[in-house]
Amino acid sequence: WLSALRFDNLALRSLPVDASEDGGPRAVPGACFSRVRPSPLQNPRLVAMSLPALALLGLEAPAAEREAAEAEAALYFSGNRLLAGSEPAAHCYCGHQFGSFAGQLGDGAAMYLGEVLGPRGERWEIQLKGAGLTPFSRQADGRKVLRSSIREFLCSEAMFHLGIPTTRAGTCVTSDSKVVRDIFYDGNPKSERCTVVLRIASTFIRFGSFEIFKPPDEYTGRKGPSVNRNDIRIQMLDYVISTFYPEIQEAYSDNSIQRNAAFFKEITKRTARLVAEWQCVGFCHGVLNTDNMSIVGLTIDYGPFGFMDRYDPEHICNGSDNTGRYAYNKQPEICKWNLGKLAEALVPELPLEISELILEEEYDAEFEKHYLQKMRKKLGLIQLELEEDSKLVSELLETMHLTGGDFTNIFYLLSSFSVDSDPSELEDFLEKLTSQCASVEELKVAFKPQMDPRQLSMMLMLAQSNPQLFALFGTKANINKELERIEQFSKLQQLTAADLLSRNKRHWKEWLEKYRVRLQKETENVSDADAWNTDRVKVMNSNNPKYILRNYIAQNAIEAAENGDFSEVRNVLKLLENPFQEAEGFREVKEDAEEEGATATAAACAQETQSRLPYCSKPPLWASELCVT
């Protein structure tokens, strides 16, 4: 069934390909791609496949021969056998990682297979992620493991079905080949299964692709492998704009500066809209380096991502982001910073004074406009656009923060709020809302101090006596956050569940009154209030998901798959294909029976199951200990 794939590998015809046959890690000057070969795996087998994603390529798995179709998918999408017409290659790019230029990076574990022409003539690049060594693997082995592959596979599809621009995932194939990984970088390595994900996108070119021309960086001293090769930069711009922005190429074919400016304006606006979408579903990327930013405005490279559970504007999903550079509330400004680095990489083909002006004029305005439009839909504000709406959203988020509200479930509940509710109905609604707020036990886990008191005392003294030495160990922001944790944790020792409930109800009652007043303004010029309410609920229910890929749901699926049971991965995939609808037959996931003793390891959810949780439930207590790096 895979013989239906029709390849037309335009990127390799349009951009320079490295002539060297050396497959080992090395610098790759003067090229955008290097030819590679996937390394075979032992006994590859299919974990799951996304039929909607594969349909983009014109593929439809034969229902009558499911087992044979899965075996064929495992054989080809593991890299063990090459598809006719495919030309495996690894892409060269650089990047600013955590704010510092890292020099040459490139596809260290991913391999371009080629570009498939879809049934409607559209072009899709397909990639194998985890298929073995490339010239860009550096000290690594070019492999990915089951846990990270399942997370990328599921989240790629989840984001698409949430309506957020993203790369797609067609298959996830595991094997009996093993590699050793130190999951938490704590000196406890374990052997894990090599696994490969088939990734699909119009292109995987990223901001960092244009940084291969960067001269030596003034801070790190590193440089791109293709310094002074402006001819290749021109080739790349011609290829990217003519292929992925054809309307811009057509409009400015006789003026390259204007064309490049229009392209930069468009990617600026796409990126602003993309991050606005992330903020509206509580998605944290985790590693927003310039090499993880798509040149066509897609969510790309799913690593230590996370959907926020309890609303915390400073939420950090990546356990190795020690400074919080990529925290939830920092994402909009970081994406703007990354666009600034792209602007630098386009010089001289687009002068910096032009691109910087575009960035300042377009990015913030586009982000704020799209964010507020989306938030209005999430709140069912479908008739009027009022200036006060921005304040209403801010006050909602502040109330969520004060009460530890579950970001997804609070928004989902709001569609059932009635403008005309009587006191008893309001009380019932407040009960539902407060059930989605953090308990005293959850807050104690969230605000548990993370430093030894002696260590904190030493850091405070150091900050006063030797600021330069202190800067090597920590930041004032981290110390202040720890002091805040200590204060909050101390207060929680005296807080009873009844006091917390009373306080939370008070906060929500205050905000709901403001929300009611705003909804009443919607109805003032409406002739049919029932029809308006039906429309309001419909809009809200198509913008507020019931199901997201929470870390604990992914962890349960990973745990089952590591024990040879792929059914939970497949169940979760089906669930995430309809995130806005009540799913029949998908009511329960397992809850750890011994929550208090759980630790931040992959085994956290492996204990005996005694009770069950709906997939839409806020996380069990053990989930707060999960750490993704």
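This is a predicted model: local features need pLDDT of at least 70, side-chain atom pairs count only at pLDDT 80 or more; totals for chains, interfaces and linings use all residues.

Trainee: Which residues is H96 in contact with, leaving aside its neighbours within four places in sequence?

Mentor: Contact here means heavy atoms within 4.5 Å. With sequence neighbours within four places set aside, H96 touches F101, E211, K214, D217, N289, T290, D291, W337 and K341. H96 itself lies in strand 5, residues 94–97.

Trainee: Which of its partners does the side chain of H96 meet in a polar contact?

Mentor: That partner is E211: the two side chains make a polar contact at 2.7 Å.

Trainee: Why does H96 count as buried?

Mentor: The label rests on a cut-off: buried means under 20% relative accessible area. H96 is buried because its relative accessible area is 3%.

Trainee: Now a helix. Where is N260 found, and which backbone oxygen lies 2.9 Å from a polar atom of its side chain?

Mentor: N260 is found in helix 7, residues 256–281. The backbone oxygen is that of E349, 2.9 Å from a polar atom of the N260 side chain. Beyond its neighbours within four places in sequence, N260 is in contact with L237, I241, E349 and L350. At 1% relative accessibility, N260 counts as buried.

Trainee: Which residues does a cis peptide bond join?

Mentor: Omega is the angle to read here. V347 and P348 are joined by a cis peptide bond, with omega about 10 degrees. P348 is found in the loop between helix 8 (331–346) and helix 9.

Trainee: What does Y363 contact, apart from neighbours within four places in sequence?

Mentor: Its partners are T268, T271, A272, V275, P332, C335, K336, L339 and I358. Y363 sits in helix 9, residues 352–378, and counts as buried at 1% relative accessibility.

Trainee: Stepping back, how many helices and strands does the protein chain have?

Mentor: There are 20 helices and 15 strands. Of the 629 residues, 55% count as buried. Among contacts between residues at least 6 apart in sequence, 74% join residues at least 24 apart.

Trainee: Why does the radius of gyration agree with a compact globule?

Mentor: Compare expectation and value: a compact globule of 629 residues would have a radius of gyration near 25 Å, and the protein chain has 25 Å, so the two agree. Along its principal axes the C-alpha trace spans about 75 × 65 × 55 Å.

Trainee: How many positive and negative side chains are there?

Mentor: The protein chain has 70 positive and 90 negative side chains, and the centres of the two sets lie 3 Å apart.

Notes. Residues are numbered from 1 along each chain as its sequence is written. Side-chain values use heavy atoms; hydrogens and water are left out. Helices (H or I, at least four residues) and strands (E, at least two) are DSSP runs, numbered from the N terminus. The radius of gyration is taken over C-alpha atoms; the globule rule is 2.2 Å times the number of residues to the power 0.38. Buried means under 20% relative accessible area, exposed over 50%, partly exposed in between (1.4 Å probe, protein chains only). Lys and Arg count as positive and Asp and Glu as negative; His and the chain ends are not counted. The place of a charge is taken as NZ of Lys, CZ of Arg, CG of Asp or CD of Glu. A polar contact is a pair of N or O atoms within 3.5 Å; within protein, one must be able to donate a hydrogen and the other to accept it, and residues adjacent in sequence count only if both atoms are side-chain atoms.
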